[in-house]
Amino acid sequence: MPPTIRARQMATIVTGGAIAVASIALMPFAVMGVVGALGFGSGGIAAGSVAAGMMSAEVAAGGIVAGGTVATLQSIGAAGLGVVGTSAAMGGGAIVGASALGVSVAVSGVHKKKFEEGAEIGNSQENRPFCNWKMW
């Protein structure tokens, strides 16, 4: 643990944490936005969209299969993600958020120890009076 955490380092870590929390909360909305943008909606598949192209390709390959990609995406577009889909999307958001938090810690330099910076290791509690309670 570093002897002190500077304000800039703390701000970087807090920003990474905020991105992590936001990515978990917003990922289901992002998934629904992407599904809608592809052309899968509550009114069916939009003409001339990527979804229409996917449906045409599946029909040419032998028909729309129940549980297939087009059927599943249309179900999501029409009815929403549901509990399992929302949970999976939030799990994906957690992965993205944890990555963002890891990058922010790496950028902040909090993980570096004194000996890695070339200084001698001293009393790590000397600049932290409340952590040095055993010496009172």
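Colleague: How do H2 and helix H3 pack, and how far apart are their axes?

Modeller: H2 and helix H3 (residues 69-79) pack at about 145 degrees. Their axes lie 9 Å apart. Axes here are lines fitted to C-alpha atoms over the stretch in contact, and angles run from 0 to 180 degrees between N-to-C directions. This is a predicted model: local features need pLDDT of at least 70, side-chain atom pairs count only at pLDDT 80 or more, and totals for chains, interfaces and linings use all residues. Residues are numbered from 1 along each chain as its sequence is written, and side-chain values use heavy atoms, without hydrogens and water.

Colleague: Is the crossing of H2 and H3 left-handed or right-handed?

Modeller: H2 passes H3 in a left-handed crossing. Left-handed means that the near helix is turned anticlockwise from the far one by less than a right angle; clockwise is right-handed.

Colleague: Which residues make the contact of H2 with H3?

Modeller: H2 gives Met54, Met55 and Glu58. H3 gives Thr69, Val70 and Leu73. Contact means heavy atoms within 4.5 Å. By class, the residues are 4 nonpolar, 1 polar and 1 charged.

Colleague: What makes H1 roughly antiparallel to H4?

Modeller: The axes of helix H1 (residues 7-38) and helix H4 (residues 82-108) cross at roughly 165 degrees and come within 7 Å. So H1 is roughly antiparallel to H4: the cut-offs are under 35 degrees for roughly parallel, over 145 for roughly antiparallel, 65 to 115 for roughly perpendicular, and oblique for the rest. The H1 and H4 crossing is right-handed. Their contact has 15 nonpolar, 11 polar and no charged residues.

Colleague: Why does Ser23 count as buried?

Modeller: Ser23 has 12% relative accessibility, so Ser23 is buried. The cut-offs are under 20% for buried, over 50% for exposed, and partly exposed in between (1.4 Å probe, protein chains only). Ser23 sits in helix H1. Beyond four places in sequence, Ser23 touches Gly93, Val96 and Gly97. Its side chain reaches the backbone oxygen of Gly93 at 2.9 Å.

Colleague: Why is Ala25 called partly exposed?

Modeller: Ala25 has a relative accessible area of 41%, and therefore Ala25 is partly exposed. Ala25 is also in helix H1.

Colleague: What makes Gln74 buried?

Modeller: Gln74 has a relative accessible area of 18%, so Gln74 is buried. Gln74 belongs to helix H3. Leaving aside neighbours within four places in sequence, Gln74 contacts Phe40, Gly41, Gly44 and Ile45. Gln74 and Gly44 are 30 residues apart in sequence and 7.1 Å apart, C-alpha to C-alpha.

Colleague: How many helices and strands are in the protein chain?

Modeller: The protein chain has 4 helices and 2 strands. These are DSSP runs, numbered from the N terminus: helices (H or I) need at least four residues, strands (E) at least two. The elements run α-β-β-α-α-α from the N terminus on. Of the 136 residues, 20% count as buried.

Methods. Nonpolar A, V, L, I, M, F, W, Y, C, P; charged D, E, K, R; others polar. Polar contact = N/O pair within 3.5 Å; in protein donor to acceptor, adjacent residues only side chain to side chain.
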